[in-house]
Amino acid sequence: MRSRNQNENHQNNNPPTKPKHADLSETVLQAKKLSVYYGETLALQEVSMDILKNSVTALIGPSGCGKSTLIRCFNRLNDLIDGCRVEGKVIYRGKDLYGSKIDPVAVRRRIGMVFQKPNPFPKSIYENIAYGARINGFKGDMDELVERSLQRAALWNEVKDKLKTSGLSLSGGQQQRLCIARAIALKPEVVLMDEPASSLDPISTESVEELIHQLKHDYTIVIVTHNMQQATRISDFTAFFNAKAGKNGKRFGYLVEYDKTEAIFESPQEESTKQYVSGRFG
Ligand SMILES: Nc1ncnc2c1ncn2[C@@H]1O[C@H](COP(=O)(O)OP(=O)(O)OP(=O)(O)O)[C@@H](O)[C@H]1O
């Protein structure tokens, strides 16, 4: 637990981990002194934070402070980036996801990802859900899984009469809900979302936000967003990241402050958080 007097000049020697007033919640994911390098360049320094079950945690901060880098660590997507190296740990269900015996594909089944731009497969709406389930060995009633996943993603009523048409024929907002349906069909415990509404119009954004709000009853959600109103609307906890130059002059990201969302926006403890959430920088 962070001290309210902690000074960010401490350079994360004693970083915040749990948001305040959240001690009773169960920790699902835990970053422990997590640093990420691209080649020799430090991108993110020693992040320690707990992600709490059945909550929405927003990662906010100026461009380049490492939000996407961090969220990709939570399901080992950074493995797919050449030259990306991770130090420290990500603990999920008592195991370090970066341990030698961990299968990253299995990790991504439990910890799904929804990206900024909707990326449905060039297949039918039905197959967008069924394909992933099938290759992951699903043997149950596929029609039922497709319907349930689309229901859960608040898309069923709009697509139930055209399940055979291409997922690419849907609007941007519908495509993003299809991608969310595809992610939850695999029954993940955690859903990571990297700016899931930033390419959507306001009405589609509202429906995706409403969906996120509902999904947290069954899933744990971590979302990167540049939209601070969105963070206040949908998240329970907010982590503010910033970037600064190291001795070599290169900038790296670090966690400044992590707390309940209302505390971050109404009574932030760090000056840079205050400036960021009031729109004075970034
Ligand atoms: N694939 C990559 N290869 C090399 N460097 C990268 C790569 N991805 C990110 N970086 C660098 O890592 C740092 C953090 O980038 P990242 O995209 O994680 O920040 P961000 O906070 O998500 O930014 P934004 O808000 O602009 O999306 C930046 O300096 C960026 O240039």
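The protein has ten helices and ten strands. Helices (H or I, at least four residues) and strands (E, at least two) are DSSP runs, numbered from the N terminus. The radius of gyration, over C-alpha atoms, is 19 Å. The globule rule, 2.2 Å times the number of residues to the power 0.38, gives 19 Å for 282 residues, so the protein is as compact as a globular protein of that length. Along the principal axes, the C-alpha atoms fill a box of roughly 55 × 40 × 35 Å.

Now, provenance. This is a predicted model: local features need pLDDT of at least 70, side-chain atom pairs count only at pLDDT 80 or more, and totals for chains, interfaces and linings use all residues. Residues are numbered from 1 along each chain as its sequence is written.

Confidence next. pLDDT is the predictor's confidence in each residue, from 0 to 100. The protein averages 90, and 91% of the residues score at least 70. Over residues 1-12, pLDDT is below 50, and this stretch has 15 contacts in the model beyond near neighbours in sequence. A contact means two C-beta atoms, placed from the backbone, within 7 Å. The model scores are ipTM 0.98 and pTM 0.91.

On to the interior. Buried residues make up 44% of the 282. Buried means 20 or more other C-beta atoms within 10 Å of the residue's own, with C-beta atoms placed from the backbone; exposed means 12 or fewer, and partly exposed is in between. The largest nonpolar core has 75 residues. Such a core is a set of buried Ala, Val, Leu, Ile, Met, Phe, Trp, Tyr and Cys residues joined through C-beta atoms within 7 Å. Val191 is among those with the most contacts inside it, as are Leu59 and Ile221. What does Val191 touch? Its partners include Gly112, Val114, Leu215 and Ile221, not counting residues up to four places away in sequence.

Just after H3, Gly137 takes a positive phi of about 85°.

Last, the ligand. Which residues surround it? Among them are Tyr38, Ala43, Lys67, Ser68, Thr69, Ile81 and Gly253. The cut-off is a C-beta atom, placed from the backbone, within 6 Å. Helix H1 (residues 67-73) gives the largest share of that shell, three residues.
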